[in-house]
Amino acid sequence: MHKDIIDKIKDEWKSNGNFVKDILNIEIYYKPLENICYYVINSSYKGEIHM
């Protein structure tokens, strides 16, 4: 499941005109009660994925 989450985050990043090669780090926060993964890429780009 972890790889699936990272793939979804990378797809979101690419859909906004960014390149995967520009990702320096990804921080992921999972909230099981809400069933949502929040993420931060390169300490600035934020988003969420509903699981």
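**Helix, sheet and turns**

Leaving aside neighbours within four places in sequence, I23 is in contact (heavy atoms within 4.5 Å) with K10, W13, I41 and N42. The model is a predicted one, in which local features need pLDDT of at least 70 and side-chain atom pairs count only at pLDDT 80 or more, while totals for chains, interfaces and linings use all residues. Residues are numbered from 1 along each chain as its sequence is written, and side-chain values use heavy atoms, with hydrogens and water left out.

I23 belongs to the largest nonpolar core, whose eight residues are I5, I9, W13, I23, C37, Y39, I41 and I49. Such a core is a set of buried Ala, Val, Leu, Ile, Met, Phe, Trp, Tyr and Cys residues joined through side-chain atoms within 4.5 Å. Buried means under 20% relative accessible area, exposed over 50%, and partly exposed in between, with a 1.4 Å probe and protein chains only. At least two residues of this core come from each of α1 (2–15) and β2 (36–41). Helices (H or I, at least four residues) and strands (E, at least two) are DSSP runs, numbered from the N terminus.

The helix α1 has 14 residues, and the distance from its first C-alpha to its last is 20 Å, close to the 20 Å expected at 1.5 Å a residue; the expected span is 1.5 Å times one less than the number of residues. Its buried residues are I5, I9 and W13. Seen down the axis of α1, these fall within an arc of 80°, so they line one face of the helix; the arc is that of the directions from the helix axis to the C-beta atoms. An α-helix has 3.6 residues a turn, so residues three or four places apart point the same way. The face of α1 turned away from the buried side carries K3 and S15, which are exposed. Just after α1, G17 takes a positive phi of about 85°.

What do the buried residues of α1 pack against? Their partners are β1 (26–31), β2 and β3 (45–50). These strands form an open sheet in the order β1-β2-β3, with antiparallel pairing; two strands pair if DSSP finds at least two bridges between them. β1 and β3 stand at the edges with a single partner strand each, so one side of each is left without a neighbour in the sheet. Neighbouring strands are turned by 20° against each other on average, direction ignored. Axes are lines fitted to C-alpha atoms, for helices over the stretch in contact, and angles run from 0 to 180 degrees between N-to-C directions.

β2 is mostly covered, with five of its six residues buried. Six bridges join β2 to β1, and β2 and β3 also pair over six bridges. C37, a core residue, stands opposite I49 in β3.

Both connections between the strands are hairpins. Four residues lie between β1 and β2, where N35 in the turn has a positive phi of about 60°. Three residues lie between β2 and β3, and there N42 has a positive phi of about 55°. Most residues other than glycine have a negative phi, and most peptide bonds are trans. N35 is partly exposed, at a relative accessible area of 32%. N42 is likewise partly exposed, at 22%, and is one of the residues in contact with I23.
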